Amino acid sequence: MRIRTALISIGVVVVVAVVAFLFGRLSAPAPTFEAGASAELDDDLSAAWGDFIRAQDEALQLMQASEFFGDDQERAEAYRGVLYALVGAIKTGGLMDRDRPRFMRAVDWTSKSGLDNPDNKYYLALIRDDAEYRVTGTRGTTKSLVFQLLVGQPGVRGAGTSTHVSMLDARDMAIDRNGSFEIYIGRNDPGQGRNWLRVGDGAETLIVRFSHGDWDREQAGRLRIERIGSEGEAAPALDSRQMAFRLRDVATTLFDRTATWLDFAGKAWRFMPRNEVSQARETRGGLVGQYSAFGSFELGPDEALIVTTHPSNADYQGIELGNLWFVSFDYETHTSSLTTDQAYLSSDGRYHFVVSARDPGIQNWLDRERHRRGLIMLRWQGLDAALNDTQQPSARVVKLDQLRAELPDDTPDFSVEQRREQIRKRRLHTQQRFDG
């Protein structure tokens with residue numbers, strides 16, 4: 001009896017320990033970068049460079065220690081992921097000036113991050129919360145245009161997209177007949193019906209999203225920003241103290257973002273059942289007012305995942321695949337993402353997207369690029385109300401050789417020539433979006 005009681009006690013302790021470990025693993029915040037102690041002023045620049053190099057090594061070590069550092073493709077993507085993060089960190093932390101900001105492409109083919117939306121042209125500018133700014137631009141013809149002001153920077157020191165300050169949707173803006181507009185950024189409402197982005201304590205990051213639905217026809221607008229009162233002033237000469245600060249900012253941004261997105265991906269992978277998608281809910285820690293559904297896939301070479309969605313009154317609706325480093329797949333030369341403007345709507349009133357490694361010969365193919373596992377993200381922007389139960393997405397696994405029997409009878413064939421033309425147009429659009 002005593003032995004049995006002892007064994008039960010040991011079992012309880014083990015279970016409690018395992019639960020505590022898992023809870024801690026899933027609830028603990030992502031690690032953050034700690035810069036080294038500053039050296040003497042004359043050598044501080046050299047010490048900051050050391051932090052910059054160390055952050056690259058430690059960011060890679062996070063990837064290498066991850067459960068996702070598996071096959072050859074995943075390891076190669078990890079190294080490229082560090083390069084993406086480094087490019088983004090250099091542009092924001094090392095080269096931007098809050099006193100004389102300018103819009104830069106925050107996420108593009110050189111600096112993918114945070115399971116970026118393949119349909120967006122992202123712009124970012126850094127500001128100060130004690131200054132005023134003027135943004136001028138043109139609306140363009142994209143499905144959606146939204147300005148969002150945040151505390152901190154996304155993924156850095158636990159701040160970013162979850163620390164929302166204010167936002168402005170083009171649907172609510174005063175825009176003239178030529179598509180031009182002006183936005184005042186400051187603490188006080190300028191009145192007289194002027195477009196206003198409210199500044200709050202700690203406001204630092206302005207993110208702009210031009211969201212494309214029809215890549216063949218829609219064009220993003222143009223943007224300019226200037227600090228009010230500093231027009232025409234020359235920037236002061238760079239000194240070693242300022243450069244040391246920037247190098248440490250790059251180091252912190254690189255490491256923290258790598259840790260944050262890896263933490264997000266890990267929790268999503270552990271919480272989500274394989275080959276399923278969640279219900280659409282209002283996005284947490286992202287674009288305010290956006291709804292999103294999240295999923296994962298893990299498929300054999302002879303398997304496909306059918307993801308079914310419904311039309312909605314959203315301004316923009318899309319689906320994408322991403323890797324476990326929280327980075328979008330190659331959406332330029334592969335159909336790893338589609339919008340409802342680009343997809344075929346079946347006679348049953350639904351969109352049926354097929355995730356597979358081999359081209360199934362249908363328009364709605366989501367190419368997983370030989371990845372055996374990965375993430376799925378669906379987004380809705382500009383919904384009038386939350387999706388009801390009958391509009392929620394769903395997913396199911398089928399054998400590739402049985403796929404046709406699982407799709408509506410009216411699903412048309414999509415030839416090799418049509419696929420090549422589809423890819424050609426995707427390449428033209430992405431080059432124009434990011435280089436034009």
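**Helix packing and nonpolar cores**

Helix 3 crosses helix 4 in a right-handed sense, that is, with the near helix turned clockwise from the far one by less than a right angle. The model is a predicted one, in which local features need pLDDT of at least 70, side-chain atom pairs count only at pLDDT 80 or more, and totals for chains, interfaces and linings use all residues. Residues are numbered from 1 along each chain as its sequence is written, and side-chain values use heavy atoms, without hydrogens and water.

The axes of helix 3 (residues 72-94) and helix 4 (residues 240-271) lie 8 Å apart, at an angle of about 140°. Helix 3 contributes residues including Val82, Leu86 and Ile90 to the contact, and helix 4 contributes, among them, Arg246, Asp249 and Arg257; contact means heavy atoms within 4.5 Å. By class, the contact residues comprise 7 nonpolar, 6 polar and 3 charged.

The largest nonpolar core has 25 residues, of which Val135, Phe147, Ile185 and Leu206 touch the most other members. Such a core joins buried nonpolar residues (under 20% relative accessible area, 1.4 Å probe) through side-chain atoms within 4.5 Å. Strands supplying at least two residues each include strand 3 (133-138), strand 4 (144-151) and strand 8 (203-211); strand 8 gives the most, with 4 residues. Beyond four places in sequence, Phe147 contacts residues including Val135, Phe181, Leu206 and Leu223. Another core, of 23 residues, lies apart and includes Leu299 and Phe329.

Terms used: Buried means under 20% relative accessible area, exposed over 50%, partly exposed in between (1.4 Å probe, protein chains only). Axes are lines fitted to C-alpha atoms, for helices over the stretch in contact, and angles run from 0 to 180 degrees between N-to-C directions. Ala, Val, Leu, Ile, Met, Phe, Trp, Tyr, Cys and Pro count as nonpolar, Asp, Glu, Lys and Arg as charged, and the others, Gly among them, as polar.
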